[in-house]
Amino acid sequence: MSVVNLSALPKTGLAGLKENWRSDLLSGFLVFLIAMPLCLGISMASGFPPSAGIITAVIGGVLVSRMSGSFVTINGPAAGLIVVVLGAVQGLGEGDAMAGYCYTLAAIVVASVFQILMGYFKTGRLSSFFPSSVVHGMLAAIGIIIMAKQIHVVLGNAPEKGSSLFSTIAQIPHSLINMNHEIAIIGFSGLAILILWSVVKNKYLKMVPAPLIVVLVGIGLGKLFDLDHEHIYLFLPDTTFLPHHEETVGPKFLVAISDNFMSSFYAPDFSKWATAEFWEAVVSICLVGSLESLLSAMAVDKLDPYKRQSNLDKDLMAVGVGNVAAGMLGGLPMIAEIVRSSANVNNGAKTSWANFFHGLFLLLFVVFFPRLIHSIPLAALASLLVFTGFRLASPKEFGKVLGLGKEQFFLFVVTIIGVIATDLLVGVALGIVVKLLIHISRGVKLNNLFKIHFEIQQPDSNTVLVKISGAAIFSNFMVLKDAMMVVEPGKMVIFQLNDAYLLDHSVMEFMHHFQHDYEAQGGKCDFYGLEYHDAYSSHPLAARKQKMVSGYS
């Protein structure tokens, strides 16, 4: 495994800007092309004005990039928060969309203060408490909800107001039969482009962001169908199965945004602070936003060619500060967003200045070209969200979790059903409770559920021995994780696992990542005693139970 040369790391701050401005400027521009349509689509799907997503991305780039503890992440609105924010708008507004928007801004501000406090008290490590299958189940459920809601927009229709999620899904066949054909052509064209771009191999074509092509094709079709002016289109099918009907098309199918960006700012309304619905929104926004942001930052660190490690607590504080600003000005909550961050790395970004430039380009665009945004069809943006939702809940994701073991897949499905049938917080809590019950059924003692038994020894100057006894599971290994973070680099680290009667997937994943990161810095890592365990599946990181329990209590 290659060892990172610390002397070759890109500089940070103003020195980093001077050294890397060319690569960061180019990457920031390319990410801006991806971010702009996604910001608009996520904002409208969340029940916010289109400009809200742009406000958030501008703040995430220009402000948060100067404070964050990460290096190549891109901060902005994310599809994973659509369900939470839309639920807050509808629940707090009680039918009044604008009032719900302003109440939700207040919830974002309060949630952001909690994020700042979480970062200050160094709780970033708490992200480890959430089992990966539960997190993936949460994201898959969000993907299903996004697809269910946005497919109607792709078809030029809308479900009945106040419809439940199951009702919204049940109305999809009706929207298909009664689709607005000109709008559906725009929406399906966008989906076709995204699918094609996901399988194309030509490196020169891949340099052009697929969302940009979707938007440009959508604008072109919108001009062809004269969406700038309201008119009636008579649909005359050549079949008896589809009825003849008139379809009204016009500006209502385009993004509605003010020519003056300053008029897009709205103030939060804190008058519902004493209601249960307000605090449910606060907890949901804080929990999901913080968890997604931390997980994304850790994932991007693994993509970073320089293998730099983000300061997660500092990053969480910076995101919290950015969210306070976004909430006060009318924006969506932001996270460290994985898709745009991956593109940032692939485009050659070296420092957080790429995030800054991406926000700056967005600001310049909305100030100088607002009318171009108004020509984007809603169906084109909805196709981006449907595709994003599909990636979150694709058959590949189901297969990936199934490969980890049947119990992981069971947790995954339980969380999906829990989120869809109730709400996001209840669904995640249900997944965690089920995971704990599975561990208890496998013999984990109650006093071992939240307390891990381990000791770290140094038999010689070059060796660190980590002895783990009892059960090492998602709910108790954070103390071990903290202890391993301060192990001196360049040593031989040995995990002694003979007396560990249960190692769950979260712990196996942690040890795997620790080995990868530690050896990248020049150390060595080995595991003794795994041969005395049976895996619950053929996956190398599957949960393991001791073949014969040694009587540990």
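**Reading the model**

Trainee: Leaving aside its neighbours within four places in sequence, which residues is T415 in contact with?

Mentor: A contact means heavy atoms within 4.5 Å. On that basis T415 is in contact with V134, G137, M138, G427, V428 and G431, once neighbours within four places in sequence are set aside. Bear in mind that this is a predicted model, where local features need pLDDT of at least 70, side-chain atom pairs count only at pLDDT 80 or more, and totals for chains, interfaces and linings use all residues. Residues are numbered from 1 along each chain as its sequence is written, and side-chain values use heavy atoms, with hydrogens and water left out.

Trainee: What is the mean pLDDT of the protein chain, and where does pLDDT stay under 50?

Mentor: pLDDT is the predictor's confidence in each residue, from 0 to 100. The chain has a mean of 91, and 95% of its residues reach 70 or more. Residues 549-553 stay under 50, and for them the model has eight contacts beyond four places in sequence. Where pLDDT is low, the predicted coordinates should not be read in detail.

Trainee: Back to T415. In which helix does T415 lie, and is T415 buried or exposed?

Mentor: Helices (H or I, at least four residues) and strands (E, at least two) are DSSP runs, numbered from the N terminus. T415 belongs to helix α18, residues 406-421. For burial, the cut-offs are under 20% relative accessible area for buried, over 50% for exposed, and partly exposed in between, using a 1.4 Å probe and protein chains only. T415 has a relative accessible area of 0%, so T415 is buried. A polar atom of the T415 side chain lies 2.8 Å from the backbone oxygen of L411.

Trainee: How many salt bridges are there?

Mentor: Side chains of opposite charge can pair when their charged atoms come close. The rule for a salt bridge is a side-chain nitrogen of Lys or Arg within 4 Å of a carboxyl oxygen of Asp or Glu. The count by this rule comes to eight. One of them joins K272 and E94, with the closest N and O atoms 3.6 Å apart. This pair links distant parts of the chain, 178 residues apart: K272 sits in the loop between β3 (245-249) and α11 (276-303), while E94 sits in the loop between α3 (82-93) and α4 (97-120). K272 is buried, at 18%, whereas E94 is exposed, at 64%.

Trainee: What do the side chains of E407 and R442 form?

Mentor: They meet in a salt bridge, at 3.6 Å from N to O. E407 is in helix α18 and R442 is in the loop between α19 (424-441) and β5 (453-460), so the pair ties together parts 35 residues apart in sequence. Both E407 and R442 are buried. Another salt bridge joins E488 and K491, where the closest N and O atoms are 3.9 Å apart. K491 counts as buried, with 13% relative accessibility.

Trainee: Which residues form the nonpolar patch on the surface?

Mentor: Patches are made of residues with over 30% relative accessible area and no salt bridge; like charges are joined within 9 Å, and nonpolar side chains (Val, Leu, Ile, Met, Phe, Trp, Tyr) within 5 Å. Accessible areas come from the Shrake-Rupley method with a 1.4 Å probe, and for residues only the protein chains shown count as cover. Here V113, F114, L117, Y120, F121, F270, W273, W279, M328 and L329 form the patch, with about 1000 Å² of accessible area together. α4 and α12 (312-329) each supply at least two of the residues, and the largest share, four residues, comes from α4. Y120 is placed in helix α4 and is exposed, at 55%.

Trainee: What is the phi of D226, and what is the phi of K307?

Mentor: D226 has phi near 55 degrees, a positive value in a residue other than glycine. D226 lies in the loop between α10 (210-224) and β2 (231-235) and is partly exposed, at 32%. K307 also has a positive phi, of about 55 degrees, and is not a glycine. The loop between α11 and α12 holds K307, which counts as partly exposed at 24%.

Trainee: Which residues does N20 touch, not counting those up to four places away in sequence?

Mentor: N20 touches P10, K11, K350 and T351. N20 lies in helix α1, residues 13-45, and is buried, at 9%.

Key. A polar contact is a pair of N or O atoms within 3.5 Å; within protein, one must be able to donate a hydrogen and the other to accept it, and residues adjacent in sequence count only if both atoms are side-chain atoms.
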